[in-house]
Amino acid sequence: MLEIKNLHVKLADEDKQILKGLTLSVPKGEVHAIMGPNGSGKSTLAYVLAGRDGYEVTEGDVLWNGESILDMEPDERAAKGVFLAFQYPMEIPGVAGLTFLRTAVNAVRKKRGQDEMTTPGFMKFVKEQAAKAQHRRRNAEAPSQCWVLGGEKKRSEILQMAMLEPTLCVLDETDSGLDIDALKIVSDGVNALRSPDRSTLVITHYQRLLNHIVPDKVHVLADGRIQKTGGKELALELEKSGYAEFTGKAA
Amino acid sequence: MNVAIPKTKAEQALTEAFAASASKLPGGTAVKSARNDAIGAFSALGLPHRRIEEWKYTDLRVNFKDVAPPAIDDATAVSAEDVRAALGSVANVDVHAVVFVNGRHRKDLSTPGAMAGLEVQPLAGALTSGSDAVTEGLTTTTGPRSDATIALNTAFMTDGAVVRIGNGATLDKPLMVVFVTAGPRAHLTSVRNVISAGDGSTATLIEAHVALQGAATGGQTNTLSEVTTGKGAALTHIKIAAGTNAAVHLANWNVSLGANAEYRGFQYTSGQALARNQIHTVYTGPGGKLDLSGAYLVRGNEHVDTTLVVDHAVPQCESRELFKDVLDDRGRGIFQGKIIVRPNAQKTDGKQMAQALMLSPDAEFDSKPELEIYADDVVCGHGTTSAELDGDLLFYCKSRGIPENEARALLIESFVGEALDKVEHDDLRAALSQYATVWLNAPRS
């Protein structure tokens with residue numbers, strides 16, 4: 001279970017408070033959505049959960065399965081099962097997607113006390129996970145060219161998520177820049193990962209992603225705090241009324 | 001006003017060493033006379049210093065302090081296994097090897113037999129037995145005039161490879177010329193390769209400068225390769241200087257490209273206290289293509305200087321340069337790249353890029369690109385960047401479970417990889433990539 005308790009976060013090198021007492025719990029097996037206007041602190045929350053530099057926690061705590069993760073390096077958090085899907089996925093120039101993935105998978109397995117994967121074992125695992133996430137190969141003529149090599153960054157991000165077998169998935173505006181078909185494919189991937197041992201936090205500005213990834217709960221984040229929590233119908237209300245009610249409260 | 005600059009200890013020692021050893025250096029009367037002229041020229045020039053524009057960042061009056069005795073007729077015991085160990089991963093590349101130990105050809109360590117289309121002769125023999133016309137070709141260079149490092153090379157050169165690739169020949173494996181530093185005593189080692197690639201020939205030449213484990217440190221190496229490519233020749237030339245143990249490593253490449261010739265030069269340098277790599281290229285016919293690149297891994301107090309001149313003397317030639325420096329600790333990387341486009345060199349296409357990755361706040365990168373363009377219908381550009389490791393990418397790697405030091409190594413390899421990708425020979429590229437990995441994982445002092 002993820003427990004975020006009264007979290008206060010400011011930018012490390014600027015006197016700017018972004019999160020101002022955010023409290024939230026995501027039990028195992030549940031998918032929660034965080035919706036909010038631009039500048040409400042959504043991405044900051046995602047980065048603080050993953051352990052990015054540049055933020056300072058001034059108050060509060062984040063517990064994952066009862067253990068505070070705030071002092072852990074990002075790679076230790078990854079080993080504990082935390083995975084952040086980036087709004088704009090990155091690639092390392094000149095490093096093939098599968099090479100990177102294998103390095104990551106083996107780093108995580110090593111820290112979890114599991115055996116490192118051999119090349120054939122790894123390739124088999126890639127195929128299984130890609131199939132599970134209902135990713136079809138883009139080109140049946142070139143069976144060795146798994147779609148992950150095709151540069152479809154968002155989808156490759158979801159495959160990474162499947163491969164690293166996280167227990168806490170944080171998706172930061174994963175719908176940005178996706179057309180409706182891509183959105184559906186990415187959502188299928190996320191839904192395939194829903195399981196009783198996994199907590200998922202979907203951060204989004206728009207309701208449309210939540211038609212595909214149906215959340216157990218929806219939280220409205222504005223001005224650094226959770227302003228309202230409800231069921232999936234809350235997302236539809238927000239789609240109609242917008243965030244004015246909450247930003248008004250903030251001002 | 002003419003003020004005589006007092007000679008440094010090293011300048012004096014070099015002229016004295018020449019006087020003491022001249023009679024033992026290979027070559028007949030004509031060669032001896034060329035050597036005498038060269039030491040005379042050096043004596044007048046002195047060691048280059050920071051007030052000479054081309055040497056602004058590498059002051060040899062300050063950095064070239066002690067002169068080790070010249071290595072002449074060295075007979076240090078070295079086994080083939082020693083050479084393999086010194087070459088590391090590069091030893092596994094299938095090549096035709098010609099080995100020199102402390103500046104002397106070692107037939108016993110070289111690949112026996114011949115390769116079709118290739119003639120290799122040790123320079124010492126060529127200097128001794130060649131006609132005056134031959135030795136004139138061996139003692140002159142197309143490099144810059146009034147260059148002290150070239151003058152010293154001509155004065156002191158003991159050996160090297162004289163390579164002739166026949167017209168239309170395609171070498172079926174690379175020729176690797178290996179220069180090994182060995183033994184308990186430091187030396188001044190001076191070697192020269194004279195390479196001519198015949199019209200329409202295709203070849204890969206590797207020059208590897210390495211030291212045996214436990215070899216003395218503190219010597220000096222001075223190496224020069226004089227390269228002429230014929231019409232339509234395709235020559236790949238790779239220089240590796242990896243931990244030569246030398247306190248000072250001075251290197252010159254003087255390359256002239258015939259019409260429609262393609263020359264791909266790559267230089268790898270690591271573990272080098274002070275290196276000055278000079279590359280001087282000139283086109284002698286239209287349609288020449290030049291691709292120069294390099295990777296330099298610098299740490300501790302090391303200092304690696306790459307200074308190149310690309311002289312577009314004729315029209316319709318292309319030049320590309322990509323140099324990548326990884327600088328850690330107090331390491332210093334220098335890149336000076338001058339592209340000259342002569343008035344008649346229309347349709348010149350030149351692009352140059354030098355990039356440094358700064359791993360430490362105390363590292364220094366000095367980059368001085370220069371374009372001298374006298375023609376009006378040309379495309380020329382240059383760029384230089386220096387940056388730290390990308391914090392976003394570092395976080396990305398760590399968020400995927402990769403520990404900090406592995407993530408850093410991955411990003412450094414990605415940076416260097418772009419230059420290494422210029423090496424088209426797969427096994428060699430893999431071997432050099434392995435060098436970079438070994439460097440990254442070396443225990444830090």
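Predicted model: local features only at pLDDT ≥ 70, side-chain atom pairs only at ≥ 80, totals over all residues.
**Stop 1: where chain B meets chain A**

Begin by selecting chain A and chain B in two colours, and look at the place where 16 residues of chain B are in contact with 27 residues of chain A. The area buried between chain B and chain A is about 1,800 Å², and carbon and sulfur atoms give 68% of that area. Next select B:F395, B:Y396 and B:R400, which together supply 42% of the area that chain B buries against chain A, more than any other three residues.

Now show the side chains of A:R52 and B:D392, which form a salt bridge whose closest N and O atoms are 2.3 Å apart. Across the interface of chain B and chain A there are three salt bridges, and between these chains ten residue pairs are in polar contact, counting pairs with both residues at pLDDT 80 or more.

To see which helices are involved, select α8 (391–399) and α9 (404–420) of chain B, the elements that give two or more residues to the side of chain B that touches chain A. Of the elements on this side, α8(B) gives the most, with seven residues. If you colour this side of chain B by residue type, you will find eight nonpolar, three polar and five charged residues.

**Stop 2: the two domains of chain B**

Where the domains meet, 33 residues of domain 1 of chain B are in contact with 22 residues of domain 2 of chain B. The area buried between these two domains is about 2,500 Å², with carbon and sulfur atoms giving 71% of it.

Zoom in on B:E418 and B:K324, which form a salt bridge with the closest N and O atoms 2.7 Å apart. The count between domain 1 and domain 2 of chain B is three salt bridges, and eight residue pairs, with both residues at pLDDT 80 or more, are in polar contact between these domains.

Finally, select β13 (289–298) of chain B, one of the elements that supply at least two residues of the side of domain 1 that touches domain 2. The largest share of that side, six residues, comes from β13(B).

Conventions
Residues numbered from 1 in each chain as written. Chains lettered and ligands numbered in written order. Heavy atoms only, no water. Contact = heavy atoms within 4.5 Å. Buried area = accessible area lost by both parts, 1.4 Å probe. Salt bridge = Lys/Arg side-chain N within 4 Å of Asp/Glu carboxyl O. Polar contact = N/O pair within 3.5 Å; in protein donor to acceptor, adjacent residues only side chain to side chain. Helix = DSSP H or I, 4+ residues; strand = E, 2+ residues; numbered from the N terminus. Nonpolar A, V, L, I, M, F, W, Y, C, P; charged D, E, K, R; others polar.
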